[in-house]
Amino acid sequence: MSPFFFLLLLLSFELACGHRHPLDPLTPSEISIVSSVIKTSHFGSSKSLSFHYVGLDEPDKPDLLAWSLDHGRSKEKALPPRRAFVIARSEGKIHEIYVDIASRSVVSDEVYEGFGYPMLNFEEEEAASALPFSYPPFVASVAKRGLALEDVLCTPLSVGWFGEAKQERRRVKIACYLTGDTVNFYARPLEGVTVVVDLDALLIVEYEDRVVVPVPESAGTDYRAAKQRPPFGPQTKPGAVVQPEGKGFEVDGHMIRWANWEFHLGFDVRAGTVISVASVKGSEVGTPRRVLYRGFVSELFIPYMDPSEEWYYKTFFDAGENGFGLSAAPLEPNSDCPANAAFMDAHFAGRDGAPVRIPNALCVFERYAGDASWRHTEFGFPGQVITEVRPDVSLVVRMVSAVGNYDYVIDWEFKTSGSIKIGVSLTGILEVKGTRYTHADQIAGDEHGTLLARNTIGVYHDHFVTFHLDLDVDGPANSFVRSKLKTVRVTDGSSRRRSYWTVAKETAKTEADARVELGDEPGELLVVNPSKRTRMGNLVGYRVISHGATAASLLSDDDYPQIRASYSKNQVWVTAYNKSEKWAAGLYTDESRGDDNLAAWSRRYVTCCQKAMNIGVAFVLALEPWLIRWRAACRNAGIEDTDIVLWYTAGFHHVPYQEDFPLMPLLSGGFELRPANFFERNPLIKTRPNGPVLLPNCSTNP
């Protein structure tokens with residue numbers, strides 16, 4: 001059997017497993033077909049072809065919505081054409097390739113000539129990390145410190161951009177650590193050594209051994225259970241989730257249906273979890289109404305606050321440089337996810353284009369937290385007490401991305417009230433710096449961190465996790481509203497009160513109107529549908545509610561990392577929908593310059609429209625060819641009563657403390673999308689209470 005015929009058989013088998021949806025991620029056989037098509041095209045003679053991104057080229061939104069409408073009427077509606085978008089490098093050039101999977105053909109191939117580079121892949125990172133061990137100056141540096149080379153482990157780090165006028169060669173810096181008798185090598189940095197690698201040539205091009213400081217001790221750093229010795233930490237009794245009637249949700253391919261929710265669950269090698277066409281209804285009858293067309297983690301910006309030679313460049317973009325989905329960790333049943341969870345594998349393309357499987361990349365489970373969804377006790381009736389309580393049960397979609405030393409837990413929690421809660425939790429290992437200090441009293445100046453253990457400083461840093469949220473609240477035409485709470489003085493003697501507050505609603509007309517710095521003034525943020533009203537006449541909408549993690553960047557605007565992440569000064573942005581605008585820090589984030597990010601798009605829209613109004617569209621477009629690309633944006637820069645995207649950044653300023661060492665407990669925050677006049681009343685009022693759970697007849701007797 002020929003390999004290609006085998007791929008067709010495998011694809012047919014995959015098509016038969018569950019209903020297919022146009023937004024389904026590429027299957028392993030589709031990834032193989034895409035790789036084969038490219039390798040048998042004009043790239044066949046390339047000796048340096050490498051794949052950096054292979055993902056679904058999602059259908060245009062109007063086409064997908066039309067398919068959904070027709071599919072609702074007829075389940076036999078054919079899928080839109082399946083296409084893949086590929087970023088590959090060959091002979092030192094970056095290629096953007098579209099592949100038609102059905103016809104097995106390259107639709108287009110364009111060379112990208114701008115600034116920045118695509119995501120790194122595991123294979124080149126591994127190859128770069130091995131180079132120092134055969135580099136004599138590095139071997140000498142290890143020996144000078146009295147260390148054994150076999151106890152050293154190295155990892156690659158992105159280098160950022162710091163004002164270089166020309167596009168530099170594609171580089172990484174190599175950070176090295178000592179392992180010894182611990183697996184927590186991040187706690188034992190080999191400080192003072194800088195190794196720069198040319199990724200394309202796989203050569204060390206710069207090397208410096210600037211300073212020698214003690215390597216922190218290994219004692220007490222290993223986090224494995226088998227390595228712990230008494231006295232042990234706090235111990236709780238084991239527990240279990242029992243669902244005698246089975247799981248309450250249905251998994252149909254990538255469609256998830258539960259209670260009053262249905263949505264599509266996908267995976268992307270850069271974004272990780274992708275939630276699409278999330279719709280809700282207020283009762284057990286009726287048609288689901290769309291809330292979220294597409295939502296995912298767009299970028300993570302993690303700048304460290306140490307300006308020294310070995311640390312200044314540590315300003316990472318974990319999605320665009322390393323791949324948030326690429327770093328997805330296989331989830332552990334009964335630990336990462338409870339016993340009642342269902343798991344879903346994910347697949348991505350390796351450097352050679354072959355599909356790679358991540359087992360248990362996602363999990364879905366019902367959460368019984370012991371909380372109430374609503375309750376009331378009434379003592380007002382003489383001689384009786386009325387109490388009504390409904391338990392809170394929610395559906396959680398979880399992914400964990402282990403990007404180097406940090407683990408990020410991302411939860412999408414769907415509630416029967418109509419809310420979607422998005423949780424961001426940080427855990428893992430701090431990025432620490434070796435130092436001579438062994439006690440805080442020895443520190444006189446700014447060491448840019450906290451002394452956590454002998455010779456160990458946890459460096460100050462930030463985490464900014466930006467979400468792309470294409471909200472379609474009861475339809476795609478939405479508006480963004482700021483309900484500002486204003487104090488009103490009573491000065492006319494009409495009341496014994498002297499003040500009260502009221503709500504002043506402002507509908508954003510342009511993207512500039514919708515930039516929000518949380519906490520600058522009291523109020524609420526809403527996305528409403530101007531063409532839909534409740535029976536009471538209120539606009540149908542959803543609120544955006546912060547649950548902690550509201551930090552914004554404190555870096556100066558002219559600092560190079562801040563230029564690259566210039567969107568991080570505002571936690572909320574709203575832009576007109578544009579299919580190509582997915583990644584807050586730009587499509588090519590590695591060594592980017594900030595000229596293709598969320599803030600830059602918004603500035604271009606405003607600039608384009610202002611110039612068009614001042615001197616005429618035709619003249620502007622003739623005068624400045626680059627504006628042609630933004631012509632559609634000029635027409636759609638207004639964000640009132642149109643298809644809009646809300647970008648929300650959950651931000652943490654992280655000052656390390658000793659409790660964060662040697663491995664930090666979860667630090668959590670997030671936000672909520674909560675109905676705001678979306679329903680006619682509380683949809684849970686008619687929820688019937690569950691009866692008592694009847695457990696199987698269990699006995700401890702043999």
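## A pair within the sheet

Arg171 stands opposite Asp198 in S7. Strand S6 (residues 171–178) and strand S7 (residues 193–198) run antiparallel and are joined by 4 bridges. Strands here are DSSP runs (E, at least two residues), as are helices (H or I, at least four), numbered from the N terminus; two strands pair if DSSP finds at least two bridges between them.

The model is predicted: local features need pLDDT of at least 70, side-chain atom pairs count only at pLDDT 80 or more, and totals for chains, interfaces and linings use all residues. Residues are numbered from 1 along each chain as its sequence is written, and side-chain values use heavy atoms, with hydrogens and water left out.

## The sheet and its helices

The open sheet has 4 strands in the order S5-S6-S7-S8, with antiparallel pairing. Its edge strands, S5 (152–158) and S8 (203–209), each pair on one side only. From one strand to the next, the twist averages 30 degrees.

Helix H4 (residues 122–130) packs on the sheet and touches S5, S6 and S7. Contact means heavy atoms within 4.5 Å. The direction of H4 makes about 125 degrees with that of S5. Axes are lines fitted to C-alpha atoms, for helices over the stretch in contact, and angles run from 0 to 180 degrees between N-to-C directions. Helix H5 (residues 136–144) also packs on the sheet, touching S5, S6, S7 and S8; its direction makes about 30 degrees with that of S8.

## Thr273

Thr273 lies in strand S12 (residues 272–280). Thr273 is buried, with a relative accessible area of 4% (buried means under 20%, exposed over 50%, partly exposed in between, with a 1.4 Å probe and protein chains only).
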